[in-house]
Amino acid sequence: MLRQRIITAAWLAPLMLAGLFGLDGGAFALFTAAIVLLGGWEWTNLAGVEGRRRRLALVAALAVAMALLWATGGIQAAWPLWLGLVGWALNLYWVTHYPGRTGQWSSAARRLAMGLWVLLPAWVGLNVLRETGGIWLLFVLLLVWSADIGAYFAGRAFGRQKLAPRVSPGKSWEGVLGGMVATLVLALVFAIGQGLVAIDAVLLVLTTLAVTLVSVLGDLLESMLKRHRGIKDSSNLLPGHGGVLDRIDSLTAALPLFALLAPGVI
């Protein structure tokens, strides 16, 4: 398994970096749309949709929705990001009340609707941040990675208080705090390196801490859906790494909020 993970990462990482920072405009939108559509394919599984044709038809419908966002200028608008924010508030309610409120979202149709407010705002957030020249996109990627690393080591060393034992038993509040410390350091380094004035530096720190917390929710939401479906990974599209959603679950939550709050983005 470790060998397979290394092989996958060896070709995937350069491809992703080249696409995210070597493309812009329509080419970037198409590249990121392909990633989101792969996530959409996996989401149909999380929603419990059976049959390859039905799942492909739903992915095609998602592609049409993305094309409409592009054609109407919604890909650079704030309203899809606000829609995502409202959706993630609902997700927070369901995650924190799992399994008590399962009946409110367990139907396939409702889980598919959930996928719309998770995936589409994330795609818009990617494109909004890329239009800034890529620096904010790079920062939010580093933020999520730093949060994951900080949470992993802090959780292993100090983890005692379970964060959401019925959703993801391995996560702890100490891990969350470790992730927040890591991203706080990242924000301070970035603020100094970019020469941000005091008010923008403070806004960046506050935004970073808020987005760090929301990124944890992205991970928990997918864990909840997988637990409900009785599966370990969203798919096996990435050998040794699970599915696309397993790699971007935290980003789907972090991107819309960061695009809304980051200084000078909108």
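The model is predicted: local features need pLDDT of at least 70, side-chain atom pairs count only at pLDDT 80 or more, and totals for chains, interfaces and linings use all residues. Residues are numbered from 1 along each chain as its sequence is written, and side-chain values use heavy atoms, with hydrogens and water left out. Two salt bridges are counted. The largest nonpolar core holds 71 residues. A nonpolar surface patch covers about 840 Å².

- Helices (H or I, at least four residues) and strands (E, at least two) are DSSP runs, numbered from the N terminus.
- The expected span of a helix is 1.5 Å times one less than its number of residues.
- Helix H5 takes in residues 108-130. Its 23 residues should span 33 Å, and its end C-alpha atoms are 33 Å apart, which agrees.
- H5 is mostly covered, with 17 of its 23 residues buried. Buried means under 20% relative accessible area, exposed means over 50%, and partly exposed lies in between (1.4 Å probe, protein chains only).
- Helix H2 takes in residues 25-46. Its 22 residues should span 32 Å, and the end C-alpha atoms are 31 Å apart, which agrees.

**Core and buried contacts**

- A nonpolar core is a set of buried Ala, Val, Leu, Ile, Met, Phe, Trp, Tyr and Cys residues joined through side-chain atoms within 4.5 Å.
- In the largest core, Trp-43, Met-114, Leu-221 and Met-224 touch the most other members.
- Contact means heavy atoms within 4.5 Å. Not counting residues up to four places away in sequence, Trp-43 touches Arg-111, Leu-112, Met-114, Gly-115, Val-118, Leu-119, Leu-221, Leu-225 and Leu-245.
- Leu-62 sits in helix H3 (residues 52-72). Leu-62 is buried, at a relative accessible area of 7%.
- Beyond its neighbours within four places in sequence, Leu-62 contacts Val-36, Leu-37, Gly-40, Leu-116, Leu-119 and Leu-120.
- Leu-62 and Leu-81 are 19 residues apart in sequence. Their C-alpha atoms are 17 Å apart in space.
- Ala-191 belongs to helix H7 (residues 173-194). Ala-191 is buried, with a relative accessible area of 7%.
- Neighbours within four places in sequence aside, Ala-191 is in contact with Leu-196, Ala-201 and Leu-204.
- Ala-191 and Val-205 are 14 residues apart along the chain, and 8.5 Å separates their C-alpha atoms.

**Salt bridges**

- A salt bridge is a side-chain nitrogen of Lys or Arg within 4 Å of a carboxyl oxygen of Asp or Glu.
- One joins the side chains of Lys-171 and Asp-219 (3.3 Å, N to O). Lys-171 lies in strand E2 (residues 168-172) and Asp-219 in helix H8 (residues 198-229), so the pair ties together parts that are 48 residues apart in sequence.
- Lys-171 is partly exposed, with a relative accessible area of 23%. Asp-219 counts as buried, at 19% relative accessibility.
- Lys-226 and Asp-246 also meet in a salt bridge (3.0 Å, N to O). Lys-226 lies in helix H8 and Asp-246 in helix H9 (residues 244-261), so the pair ties together parts that are 20 residues apart in sequence.
- Both Lys-226 and Asp-246 are buried. For Lys-226 the relative accessible area is 14%.
- Lys-226 touches Leu-46, Ile-231, Lys-232, Asp-233, Ser-234 and Asp-246, residues up to four places away in sequence not being counted.

**Nonpolar surface patch**

- Patches are made of residues with over 30% relative accessible area and no salt bridge; like charges are joined within 9 Å, and nonpolar side chains (Val, Leu, Ile, Met, Phe, Trp, Tyr) within 5 Å.
- Accessible areas come from the Shrake-Rupley method with a 1.4 Å probe; for residues, only the protein chains shown count as cover.
- The nonpolar patch is made by Leu-17, Phe-21, Ile-135, Leu-138, Leu-142, Trp-145, Ile-149, Tyr-152 and Phe-153.
- Helix H1 (2-22) and helix H6 (135-158) each supply at least two of the patch residues. The largest share, seven residues, comes from H6.
- Ile-135 is found in helix H6. Ile-135 is partly exposed, with a relative accessible area of 31%.

**Backbone details**

- A cis peptide bond joins Tyr-98 and Pro-99, with omega about 0 degrees. Pro-99 is in the loop between helix H4 (79-96) and H5.
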